[in-house]
Amino acid sequence: MAKMRWLLMFFAAAVGFCGTGSGADMGHRSGEVLFEDPLDGTPSEGWRVPPDRFVDHPEFGTVYLLEPGGDSGTIEDQPWVGDETWENYRIEFEVCTTGEKDGWVGPDFHVSDDGSNCCNLQFYSSREREDVVFEAAGRWGRGSLGWKLFPMGQRFVRLPKGEWAKLRVDVADTFINVTVNDDPEPCYTVRYLPFSRGGVRFWNYYGSAYIRKLRITALGEGEPEPALEDPWEAVAGRPVVVDWQVSDPLPEGTGKKGAPPAVVPSDVVWW
């Protein structure tokens, strides 16, 4: 009897272990609201870095304004929420470009808990054009977002200045789909993300926009699937370099007499 009881306990533990896999993310149910804030100036709990630049717009009322700061065109402490338990999730918010400045705006996602590493989604807001394309990038440390992820935009979408547009970003561990308004087909899919989990943070570089109605919802494992074609499909699985990362700046002349020490280890993997 004791042996049978032990076997039943072992079986129950095994079933429980199998039933608590990655799912939506670590411990989050599919459809669970991870975070929500109307961004109307009402304080909301849960922010790691709360939004602090609200303006009273004559038409929109109190709304959050994402704008650049100083000579750098951006600021470091943008509104930021979530942590590395977030893996598969949907980001939804409304954006209205001001048309006052040329520049990039968009969200960081899969932001590491120390805030240094992340993936990034952005579009270029121009004072003259209303058609935009989305781009993605990876950032290691506080450095540049010049490490763009191919493809850089798959089709144009209209974001008229002064008008609200709904953005939906379905985030998985290795790819994202981006949908604008009620279009049934995403306008952008990018794969091979350098980071697979983390929070969400607003970002801009010289661009400015109003943002409201932020909502982040957990997705189940396998719920989002890549929607558009994979431009890397022809070389996927072939003997090409697929694992890489950006190092800190190296001294002048590095690499003239052999491989730098940073690339010698064979066990360098993605975070």
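Which side chain makes a polar contact with the side chain of R139? The legends below take up that question and then visit some other places in this predicted model.

**View 1. The R139 side chain and its polar partner.** The partner is D108, whose side chain makes a polar contact with that of R139 at 3.0 Å. R139 belongs to strand β10, which covers residues 134–139. With a relative accessibility of 10%, this arginine counts as buried.

**View 2. An overview of the whole protein.** Of its 271 residues, 43% are buried. Among contacts with a separation of 6 or more, 71% are between residues 24 or more positions apart. The accessible surface is about 15200 Å², and carbon and sulfur atoms contribute 54% of that.

**View 3. V171 and its surroundings.** Let us settle on one valine in strand β13, which spans residues 165–171. V171 has 0% relative accessibility, so it counts as buried. Leaving aside residues up to four places away in sequence, V171 touches E87, N88, Y89, I91, F109, H110, I176 and P224. Take E87 as an example: 84 residues separate it from V171 in sequence, yet their C-alpha atoms are 7.6 Å apart in space.

**View 4. The hairpin of β13 and β14.** The two strands run antiparallel and are joined by 5 bridges, with 4 residues between them. V171 has I176 of β14 standing opposite, and I176 is also one of the residues that V171 touches.

**View 5. Strand β14 and its two faces.** In a regular strand, side chains alternate between the two faces of the sheet. Here I176, V178 and V180 point one way from β14, while N177 and T179 point the other way. Is this strand enclosed or open? All 5 of the 5 residues in β14 (residues 176–180) are buried, so the strand is largely enclosed by the rest of the structure. β14 also pairs in the antiparallel sense with β15 (residues 188–190), over 3 bridges. In that pairing, N177 has T189 as its bridge partner.

**View 6. The aromatic pair of W140 and F195.** The structure holds 13 aromatic pairs. In the one shown here, the rings of W140 and F195 are 5.4 Å apart, centre to centre, and the 55 degrees between their planes make the pair tilted. W140 lies in the loop between β10 and β11, and F195 in the loop between β15 and β16, so the pair ties together parts that are 55 residues apart in sequence. Both residues count as buried: W140 at 16% relative accessibility and F195 at 1%.

**View 7. The rings of Y205 and Y206.** These two rings have centres 4.7 Å apart and planes at 80 degrees, so the pair is edge-to-face. Y205 is partly exposed, with a relative accessible area of 33%, and Y206 is partly exposed as well, at 35%.

**View 8. An aromatic cluster.** Please look for F54, Y64, F93 and F202, which form one cluster of aromatic residues.

**View 9. Arginines over tryptophan rings.** In one, the charged end of R201 sits over the ring of W80, at 5.5 Å from the ring centre. In the other, R212 has its charged end over the ring of W164, 3.9 Å from the centre.

Definitions and conventions. Residues numbered from 1 in each chain as written. Predicted model: local features only at pLDDT ≥ 70, side-chain atom pairs only at ≥ 80, totals over all residues. Heavy atoms only, no water. Buried < 20%, exposed > 50% of the residue type's maximum accessible area, 1.4 Å probe, protein only. Contact = heavy atoms within 4.5 Å. Pairing = 2+ DSSP bridges. Polar contact = N/O pair within 3.5 Å; in protein donor to acceptor, adjacent residues only side chain to side chain. Areas by Shrake-Rupley, 256 points an atom, 1.4 Å probe, with all protein chains shown as cover. Phe/Tyr/Trp six-rings, centres within 6.5 Å; stacked < 30°, edge-to-face > 60°. Lys NZ or Arg CZ within 6 Å of the ring centre and 35° of its normal.
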